[in-house]
Amino acid sequence: MARVYNFSAGPAVLPEEVLREAQAGMLDYNGCGMSVMEMSHRSAAFADIIEQAEADLRTLMGIPDNYHVLFLQGGATQQFAAIPMNLMKNGVADYIVSGSWSKKAFKEAKLYGDARCIASSEDENFSYVPDVDGLTFSPDADYAYICQNETIYGTRYPKLPDTGDVPLVSDVSSMFLSEPMDVSGYGLIYGGVQKNVGPAGVVIVIVREDLVREDVNPATPTIMRYLTQVDAKSLSNTPPCWGIYICGLVFKWLKEKGGLSAMKQINEEKAALLYDFLDQSKLFRGTARTDCRSLMNVPFVTGDAELDAKFIAECKDHGIESIKGHRSVGGMRASIYNAMPKAGVQALVDFMAQFEKENA
């Protein structure tokens with residue numbers, strides 16, 4: 001059976017080259033006689049895998065030496081609690097709520113301190129990102145929190161807030177490695193890898209040295225303390241070995257593609273292809289405000305629930321899968337991550353044009 005164009009928001013499409021390389025080593029990784037899924041995380045072979053993965057990620061993102069890279073379990077959602085537990089020294093944090101994920105993170109943070117929502121776009125069903133110009137951050141805040149790309153609503157920050165001396169914390173799950181980032185502008189960056197980097201089961205945390213402390217919330221579980229994992233080089237407990245291995249292969253694939261600047265150009269071209277069609281369509285329309293549209297997640301609707309359902313059903317006949325939108329928005333959502341080829345976006349646009357002609 002031919003591979004489909006998988007527009008799932010996560011777990012999501014992976015590069016075919018990466019899948020084939022993983023397949024080739026499934027039974028025997030580099031002549032060691034076993035799979036990565038079978039080897040000890042304390043072995044020399046796995047040490048090479050995780051160390052090379054970190055080195056390649058540091059190269060791709062230009063991560064400064066005073067930042068730690070952690071490969072963890074628990075997904076991005078666990079970080080909703082881990083961040084306030086580890087970073088709330090004064091017990092205060094500012095949150096900008098721009099969608100479901102930042103709203104959930106804000107709700108979780110309130111369990112551990114004085115989390116304050118300083119801006120929100122919930123008034124228009126998160127169809128835009130709050131204007132960050134002129135925002136005032138609490139001088140006693142331990143950090144300011146954003147979700148830089150909201151997967152469900154298809155929005156992204158067109159610019160980052162100026163938080164001054166307050167460390168900026170960003171959930172980048174659905175835009176991870178899709179474009180260059182100035183890591184030094186953040187205190188902590190994290191993301192679940194199952195959207196744009198690897199298989200489900202791994203979350204990557206990039207945290208500045210001065211934010212890794214001993215005096216964390218005393219209720220913080222040992223395994224969720226950043227210092228624990230920093231000291232153990234992400235090996236305090238058995239890590240998600242296979243997932244880390246696949247992430248490492250994706251990092252190499254990205255380097256071979258020319259790095260994050262090259263990927264940004266490709267992603268902009270793919271997004272423009274879809275948005276240009278939506279902007280001229282008389283049947284389909286995008287739901288995110290044009291000034292903060294995501295390059296990764298594109299929700300769109302016809303305005304008729306029955307017609308949306310018909311489109312989703314007929315997509316399967318054209319090799320287009322997982323195009324149904326989240327219930328919060330309805331309609332459709334195309335997640336066009338790094339591994340989605342431009343041909344996949346073109347196939348979607350071609351069918352949208354055909355569908356519009358037949359159902360106008």
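Modeller: Six bridges join β3 to β4, and the two run parallel. V92 has D114 as its bridge partner in β4. This is a predicted model: local features need pLDDT of at least 70, side-chain atom pairs count only at pLDDT 80 or more, and totals for chains, interfaces and linings use all residues. Residues are numbered from 1 along each chain as its sequence is written, and side-chain values use heavy atoms, with hydrogens and water left out.

Colleague: How do you know that β3 and β4 are joined?

Modeller: Two strands pair if DSSP finds at least two bridges between them. With six bridges, β3 and β4 therefore count as paired. Strands here are DSSP runs of E with at least two residues, and helices are runs of H or I with at least four, numbered from the N terminus.

Colleague: Why is the crossover from β3 to β4 called right-handed?

Modeller: The chain goes from β3 through α4 to β4. The crossover is called right-handed because, with the strands pointing away from the viewer, the path from the first strand over the helix to the second runs clockwise.

Colleague: What makes β11 and β14 edges?

Modeller: An open sheet of three strands has the order β11-β12-β14, with antiparallel pairing. β11 (285–286) and β14 (332–335) each have a single partner strand, so one side of each has no neighbour in the sheet. The two bridges from β11 to β12 (297–301) meet the threshold of at least two. R285 has V301 as its bridge partner in β12.

Colleague: What makes one space a cavity and another a pocket?

Modeller: On a 1 Å grid over the protein atoms alone, a cavity is a set of points where a 1.4 Å probe fits but cannot get out; a pocket is an open set with protein on both sides within 12 Å along at least five of seven lines, and lining residues have an atom within 4 Å of a point. One cavity of 30 Å³ or more turns up in the whole structure, and the largest cavity holds about 40 Å³. The largest pocket has about 320 Å³. Volumes are the space filled by probe spheres set on grid points, which are joined across faces, edges and corners.

Colleague: Which residues line the largest cavity, and how are they classed?

Modeller: V13, L14, P15, N196, V197, V250, W253, N338 and A339. Seven are nonpolar, two polar and none charged, where Ala, Val, Leu, Ile, Met, Phe, Trp, Tyr, Cys and Pro count as nonpolar, Asp, Glu, Lys and Arg as charged, and the others, Gly among them, as polar. The lining of the largest pocket has 11 nonpolar, two polar and five charged residues, and α7 gives the most, with three.

Colleague: What makes the phi of N125 worth a remark?

Modeller: Most residues other than glycine have a negative phi. For N125, in the loop between β4 and β5, phi is near 50 degrees, a positive value.
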